Structures are given as C-alpha cells and as structure tokens.
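These are my notebook entries on a model that I went through element by element. I begin with a pair of helices, then turn to the sheet, the ligand and the backbone.

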Amino acid sequence: MNVRLPRTWTTVLHLIVISGLIVEAIERVHLAAAGTGAAVLGTVGRKLYHYLYETCDENWLNFNAAGLKNDLDRKLYGQHVAAQVILKAVTGFMNNKNPKKPLVLSLHGSTGTGKTFVSQLIAENIYIQGIKSNFVHLFTATAHFPHDAHIDKYKTHLQEWIRGNVSICPRSMFIFDEMDKMHPGLMDSIKPYLDFSDNLDGVSYRQAIFIFLSNAGGEMINEVTVKFWRDGRDREEIQLRDLETELSQSVFSNEGSGLRNSVLIDKKLVDFFVPFLPLEYKHVIQCGLAEMASQGFTPTNIVIKRMADDLIFFPKEERVFSVQGCKLIANKLHFYI
Ligand SMILES: Nc1ncnc2c1ncn2[C@@H]1O[C@H](COP(=O)(O)OP(=O)(O)OP(=O)(O)O)[C@@H](O)[C@H]1O
Ligand SMILES: [Mg+2]
C-alpha cells in the first residue's frame, strides 16, 4: 500500500522544475541583453520571481515577534501558561542567530483548547503564507501513518521528507498532530534531526521547528486546574512548574502518547511541554463572539450564551469547564443565529 505524505514528491519536483525554468529564463534575459537595460530587466525579473513564488528568504519568511505577542494576547483565550511559554520559546529561538538544535515544542491538552489554533498563529507570524506555506508540513497520525504494519516504510519516508525539505529550506516547520495516535517508535526515527548536531550528511536542522500536538496528559492538566478552582485559587496562579514535570512524566509513561519511552524525552530533546488548560464558560463565550465576527455577523451575547448553555461542562454539578473546549462552536453557531 502506498504511503500518503502531505505533499507528493511529484509536486515538489514540478515546483523545482518550474522554478528552475523561470530562473533560467530570467538568467537568459539577463545575459542576452547588455548594459543598464539588461540589469534593470534582470532585477525586475528577479523581483517578480520572488514576488510570485514562495522562496526560503526574507521575502516570504519574516518573523513578527510583536505580531505573535499580539495574537497570543488577543486571540487565544484562557491559556496564560501556554501563551507565555510559546512566546518566550519561539521569540528566543527565532532571534537566536546560531541555535544549537531545532526548536521542539510538545503541546498537550484536552480537545478544543487551542493547540492547533496556536500552531497556526506561530506559522502566521513566521511565514507570509502562514500555515499554507510550502515550508510548513502538517502530519496527522490517522491520515499519514494509519497502518502499524507499514511503520518501517513510514520511518524511511518521514526521514526523507524532513531531510529533503530542510535542505530546501532550513527554516522549515513540521507539525505532528494526533501524537497520541502515532506509532511508538516513529518519532524516535527522527531523533537525529532533533538532536544537537552541526549537520548530518551536509544538512543542518538547527533552524527547523518541530511541534507535537496531543491530548495525552490532558486529564492530568484538567485535574490540576479543577483542584486550583476547588481550592478557591485563581486560574492565573497556575504556573508551568505546576504541570511541566508531571506532564513530561505522564507522556513518557503513557501508552497512548506517541512518545512512550521515547528517546526524545529521555535525551531531553523536547524543549518545552506546553499545557493547555480546560476552557471555562467565559472563554467559550469569547470564542463564540470571535467566531460570530469572523463569520461576518455582529457578535451578540444573547446568541452565544444560548449556544454555550447547550454545551457540556464539568464538574457535572457546577458546570465550570467545557468538555469540548471551543471545538464545536464554529459548526454549531448557525443553529443559534
Ligand atoms: N484557547 C482558545 N482561544 C481561542 N480560540 C480557541 C481556543 N481554543 C480553541 N479555539 C477555537 O476553537 C477551534 C478549535 O480549536 P483547536 O483545533 O485549536 O483545538 P485543539 O486543542 O487542537 O483540539 P484537538 O485536541 O481536538 O485537536 C479553533 O480553531 C479556535 O477557533
Ligand atoms: Mg488539534
């Protein structure tokens, strides 16, 4: 059976061929004509080329630290720990001219708490094309690595894919979704790329970003958050240190985490385990209002409250935290408008 990867090699080859032809055409124009006119034509051609085709340079890659901070402050609700860690980790890494290893983030939390959403915000503030950039690669366990029997083939393809793409663009981003459904061992096969090494076979991986997304550890995070709430403590009092150690241990020992007994944890190759807290009623309202606006409606509290009241919350009696986070809101909204 064929292994399905996010973008086929054929597409990559086409792109290489097409861009090669264009560059060649530009070169020819440049060489054929003489004098100032030719230089101008060449410059215009090159500009046009960089404008039309995504290239791995400052035309298409432009880290916006203020933009990331602004997005995390304004668009991400109820995730003060994640927002703080991600801002520091990404900004520090992107501003470091000579990182010793790629950035590896592992985001954890129950469904609909914003893990995929945050990955999009990071991508949007690094790549002009955001998550749609050719330098951002999204892998989903059930779609791209569905059969355990093909694990060896997946390992080889994944390694080739990462090596090939990082050699095209060192500042590549790889997002692995549904880590909890990943075959244990698949991630270990990419260990050499995440490690501290100058280069492997002439390719340096130090500029790359790896993001793992998973529900593993979500229950533990929820328990800690509920405990803070029961003890009458402020949600904002929860710190990374209240969760991170236990999170990495639970991911390491949890059968369904995708990183069970993983060398990535053992060798401390994951830079941050980032907890996503369960969202409260007020955050669901915020998500609803934002979603209404993004769908072109005037945000209305009454509508969103009606929708939020129909969602499931826990603990059952007190109905504080949303079971599905903000996940169902976009689809449910039109029933209430
Ligand atoms: N904390 C949040 N702040 C703002 N919007 C959010 C938040 N969490 C979720 N959303 C909204 O809900 C949608 C679904 O969330 P998202 O896909 O990021 O959840 P997830 O944590 O990746 O869940 P899953 O574990 O099921 O993949 C997002 O596109 C976003 O619109
Ligand atoms: Mg997700």
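Is the crossing of helix 13 and helix 14 left-handed or right-handed? I noted it as right-handed, where a crossing counts as left-handed if the near helix is turned anticlockwise from the far one by less than a right angle, and as right-handed if clockwise.

Before going on, I wrote down that this is a predicted model, in which local features need pLDDT of at least 70 and side-chain atom pairs count only at pLDDT 80 or more, while totals for chains, interfaces and linings use all residues. Residues are numbered from 1 along each chain as its sequence is written, and chains are lettered from A and ligands numbered from 1 in the order in which they are written.

Entry on the helix pair. I looked up helix 13 (residues 301-309) and helix 14 (residues 329-336), whose axes come within 10 Å and cross at roughly 115 degrees; axes are lines fitted to C-alpha atoms, for helices over the stretch in contact, and angles run from 0 to 180 degrees between N-to-C directions. Helices (H or I, at least four residues) and strands (E, at least two) are DSSP runs, numbered from the N terminus. Val303, Arg306 and Met307 of helix 13 meet Lys332, Leu333 and Tyr336 of helix 14, contact being C-beta atoms, placed from the backbone, within 7 Å. I counted these contact residues as 4 nonpolar, no polar and 2 charged (Ala, Val, Leu, Ile, Met, Phe, Trp, Tyr, Cys and Pro are nonpolar, Asp, Glu, Lys and Arg charged, and the others, Gly among them, polar).

I found an open sheet of 5 strands in the order 2-3-4-1-5, with parallel pairing, two strands being paired if DSSP finds at least two bridges between them. Strand 2 (136-140) and strand 5 (272-276) are at the edges with a single partner strand each, so one side of each has no neighbour in the sheet. Strand 1 (residues 103-109) is joined to strand 4 (residues 209-214) by 6 bridges, and Leu107 has Leu213 as its bridge partner in strand 4.

Entry on ligand 1. Among the 18 residues around ligand 1, Thr111, Gly114, Thr116, Phe117 and Cys326 come nearest (near means a C-beta atom, placed from the backbone, within 6 Å). I saw that domain 2 (65-276) and domain 3 (281-336) both give residues to this shell, so ligand 1 lies between them; the domain bounds come from an automatic or database domain assignment.

Entry on the backbone. Phe314 and Pro315 are joined by a cis peptide bond with omega of about -10 degrees.

Key
Contact = placed C-beta atoms within 7 Å.
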